[in-house]
Every structure is written in structure tokens, then in C-alpha cells.
Amino acid sequence: EFCSTNPQIDPATPYQTWYFGNSPEMAEELADLVIAGKKFATASLADVNTIKPDEAPIADGYSVVTDFQGNPLCVIQTTEILHIPFNAVEAQFASDEGEGDQSLEYWRRVHSEYFLRESKSLKIEFNEDSLICCERFKLLFPL
């Protein structure tokens with residue numbers, strides 16, 4: 001459906017398929033923020049992207065964002081990727097993530113908790129100096 005409404009994009013163009021977070025509730029909540037136009041950024045641990053390169057964001061790449069069960073919800077395109085230490089992520093990026101009250105304090109709290117759980121499960125280290133992959137994207141479908 002996305003390709004039929006965007007004939008300039010070849011249906012054979014590579015794309016990634018993934019969901020936000022690590023639970024059905026988080027995947028739905030964050031995808032809803034994207035569709036509502038409130039979320040146009042996301043963050044991941046750079047070390048996790050090294051361990052799982054197929055899941056790492058791709059500059060100018062297309063992604064089909066799904067719910068936790070794999071049902072497609074929207075199509076986005078990555079517009080920017082920056083690698084920044086956790087403690088240097090700025091308030092604007094936190095706001096662009098569109099979560100909670102959009103403050104840097106909220107962003108640091110919830111992402112620290114998330115990254116600590118994720119790093120523990122993968123047996124890697126996470127601290128204030130860990131590199132974060134800060135990705136910005138634009139919603140392409142639905143509009």
C-alpha cells in the first residue's frame with residue numbers, strides 16, 4: 001500500500017522491519033506517538049547495534065514499524081544518525097522522542113532503566129559514558 005501511493009519508491013527497495021521497545025504495550029504506545037506526529041526520534045545503545053548489526057538503523061533507510069506481533073503500523077525513513085554519550089544527549093533530542101513529558105530528565109530516567117535492563121540481558125556494560133545511537137526519522141505512511 002505504501003509503495004502504491006509512492007510510485008517514486010521502487011518496491012524492491014530494501015527496508016527493515018521492527019517494533020519499538022521490548023513489550024507489546026511499549027511497542028503500541030511508541031508507534032502510536034509516531035503516527036500521531038509526536039515522536040520522530042528514537043535511541044538505541046551503539047554496542048547493541050554492533051552486536052546486532054541487522055537491527056542497527058541505516059542512514060536514509062526505510063523501516064516498517066510493527067506492533068509486537070509483527071503487524072505493520074507505519075513506514076518511516078531515517079533522516080539522521082548521531083552517536084553521542086548518554087550523558088551528552090540534549091534536551092531537544094529528548095523532546096523529539098515524544099515520550100512522557102518530553103523533558104531530558106524523563107528521557108534519562110526511562111532510557112537509563114531500559115538500557116540497564118537491555119545491557120544486563122546481553123552481558124554488556126552500560127554507564128553514563130555509553131554511546132547512544134540517536135536516530136531521527138520522518139513518518140512516510142500513514143499520513
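What share of the 143 residues of the chain count as buried? The answer is 43%. Buried means under 20% relative accessible area, exposed means over 50%, and partly exposed lies in between (1.4 Å probe, protein chains only).

## About the model

This is a predicted model, in which local features need pLDDT of at least 70, side-chain atom pairs count only at pLDDT 80 or more, and totals for chains, interfaces and linings use all residues. Residues are numbered from 1 along each chain as its sequence is written, and side-chain values use heavy atoms, with hydrogens and water left out.

## Overall build

The chain holds five helices and five strands. Helices (H or I, at least four residues) and strands (E, at least two) are DSSP runs, numbered from the N terminus. Along the sequence their pattern reads α-β-α-β-α-β-β-α-α-β.

The C-alpha trace spans about 45 × 30 × 25 Å along its principal axes. The radius of gyration of the chain is 15 Å, which agrees with the value near 15 Å for a compact globule of 143 residues. This radius is taken over C-alpha atoms, and the globule rule is 2.2 Å times the number of residues to the power 0.38.

Contact means heavy atoms within 4.5 Å. Take the contacts in the chain with a separation of 6 or more: residues 24 or more positions apart account for 71% of them.

## The sheet and its helices

Two strands pair if DSSP finds at least two bridges between them. Strand 4 and strand 5 run antiparallel, joined by ten bridges.

## Salt bridges

How many salt bridges does a search of the whole structure find? It finds four. A salt bridge is a side-chain nitrogen of Lys or Arg within 4 Å of a carboxyl oxygen of Asp or Glu.

Arg 136 takes part in two of the pairs described here. One joins Arg 136 to Glu 80 (2.7 Å, N to O). Arg 136 lies in strand 5 (residues 131–141) and Glu 80 in strand 4, so this pair ties together parts 56 residues apart in sequence. Arg 136 is also the bridge partner of Glu 80 in strand 5. Glu 80 is partly exposed, at 28% relative accessibility. Another salt bridge joins Arg 136 to Asp 96 (2.8 Å, N to O). Asp 96 sits in helix 4, 40 residues away from Arg 136. Asp 96 is buried, because its relative accessible area is 6%.

Glu 99 and Lys 39 meet in a salt bridge too (2.7 Å, N to O). Glu 99 is in the loop between helix 4 (91–97) and helix 5 (104–122), while Lys 39 is in the loop between helix 2 (24–35) and strand 2 (41–45). They are 60 residues apart. Glu 99 counts as buried at 12% relative accessibility, and Lys 39 is buried at 2%. Salt bridges link Lys 39, Glu 97 and Glu 99 in a network.

## Aromatic rings

A pair of aromatic rings is described by the distance of the centres and the angle of the planes. Rings of Phe, Tyr and Trp (its six-membered ring) pair if their centres lie within 6.5 Å; planes under 30 degrees apart count as stacked, over 60 as edge-to-face and the rest as tilted. The count comes to eleven aromatic pairs.

In one of them, the ring centres of Phe 20 and Phe 137 are 6.4 Å apart and the planes stand at 45°, so the pair is tilted. Phe 20 lies in the loop between strand 1 and helix 2, and Phe 137 in strand 5, so the pair ties together parts 117 residues apart in sequence. Both Phe 20 and Phe 137 are buried. Tyr 114 and Phe 115 form an edge-to-face pair, with 6.0 Å centre to centre and 70° between the planes. Ring pairs link Phe 86, Phe 93, Trp 107, Tyr 114, Phe 115 and Phe 126 into a cluster.
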